[in-house]
Amino acid sequence: MDYARYDRIRAVQWRDDHLRLLDQRRLPFEEAWIDCADAAAVAQAIRDLAVRGAPAIGIAAAWGVVLAMRRGADLDVVLATLRAARPTAVNLMWALDRMKARIAAGADAAALVAEAQAIQDEDLAANRRMGALGAALIAPGSGVLTHCNTGSLATAGFGTALGVIRAGVAEGRIARVYAGETRPWLQGARLTMWELVRDGIPARLIADSAAAHLMKSGAVQWVIVGADRIAANGDTANKIGTYQLAIAARHHGVGFMVVAPSSTVDMATPGGDAIEIELRDPAELLEVAGRRMVAEGAQAWNPVFDVTPAALIDALVTERGVIERPDAASMRAAFG
Ligand SMILES: CSC[C@@H](O)[C@@H](O)C(=O)COP(=O)(O)O
């Protein structure tokens, strides 16, 4: 199937001497671009969520290494700085390890450009493949709920979970799309809805707290989400709120699908308990659009990821295929 109509947004663009990033902090109000001329600017953009989403972070970091090599920066320092920009999404470490291996093998600037481009191109190809694989699991006429933003903005293009939704809509399988707003940063409300509106895919936003009620209504047959790190036993870290969606889905007999490229699989991490969960500034919770919404003096706890146990996952879709009810044995068989 040709998904071209749904495959137009490119948020991470290499421009020969700099990296252009669509500033995700300013969407949906403004399509503003940031030009990063060095690795420090890329690291800053990752930390500040100007570029976000596990695969997109890895791709941006790879280009950051290219910029560092071109500018004669200390590559060990640059690799360490980029690696520390965000802790949970393993795609960041995976992409930097690929770049580091090329440097260790004596790569010149042109070879590093080729490696970063390969990381980006492979991600796009993986997303298109996962779109087809995931959509095939969805019975015609189904409704789906997604969480956070897993689309073109979060990847090289097309998306992971949102790629499956794009493919499922294109194939006429998905009849209803719901997106959770994804408090506190509102990736679902601000970014996923922006992508869906741009693609002309009818979708409804829900408050995160409406998800169990939606499932009980029978309107959705699948919850489809992305991932930031998948441990060797299939436990999956993703945007905060994913875990409670998985619990509610199991309770209501709704399928729970995780869609992620193999670059999100971390076989060196045995289980979810070993995944570092990023804690961000409480201000993200205490403020809305820069305006304080909570009594002065109040405090907040702001973990931005949680871990869904493998036992709650019905299907794990990667570009290598579909694993139903993933566990340590099936993960080992697929990812060794
Ligand atoms: C294809 S994106 C998969 C995940 O990275 C996504 O669901 C997510 O949790 C993004 O978190 P974010 O904090 O916005 O970077």
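Helix α7 has a kink of about 25°, centred on M193; the bend at a residue is the angle between axes fitted to the seven residues ending there and the seven starting there. Helices (H or I, at least four residues) and strands (E, at least two) are DSSP runs, numbered from the N terminus. This is a predicted model, in which local features need pLDDT of at least 70, side-chain atom pairs count only at pLDDT 80 or more, and totals for chains, interfaces and linings use all residues. Residues are numbered from 1 along each chain as its sequence is written.

**Helix α7**
- Helix α7 covers residues 187–199 and reaches 17 Å from its first C-alpha to its last, close to the expected 18 Å (1.5 Å times one less than its number of residues).
- Its buried residues (20 or more other C-beta atoms within 10 Å of their own, with C-beta atoms placed from the backbone) include L191, M193 and L196.
- The buried residues of α7 pack against β4, α6, β5, β6 and β9 (contact means C-beta atoms, placed from the backbone, within 7 Å).
- Just after α7, G200 has a positive phi of about 70°.

**D228**
- The UniProt annotation "active site", from an unreviewed entry, covers D228; such annotations may be inferred rather than shown by experiment.
- D228 is in the loop between β7 and β8.
- D228 is buried because 30 other C-beta atoms lie within 10 Å.
- Among the residues D228 touches, not counting those up to four places away in sequence, are A54, T88 and F305.

**L67**
- L67 lies in helix α2 and counts as buried, with 24 C-beta neighbours inside 10 Å.

Conventions:
A residue is buried if 20 or more other C-beta atoms lie within 10 Å of its own, exposed if 12 or fewer, and partly exposed in between; C-beta atoms are placed from the backbone. Two residues are in contact if their C-beta atoms, placed from the backbone, lie within 7 Å.
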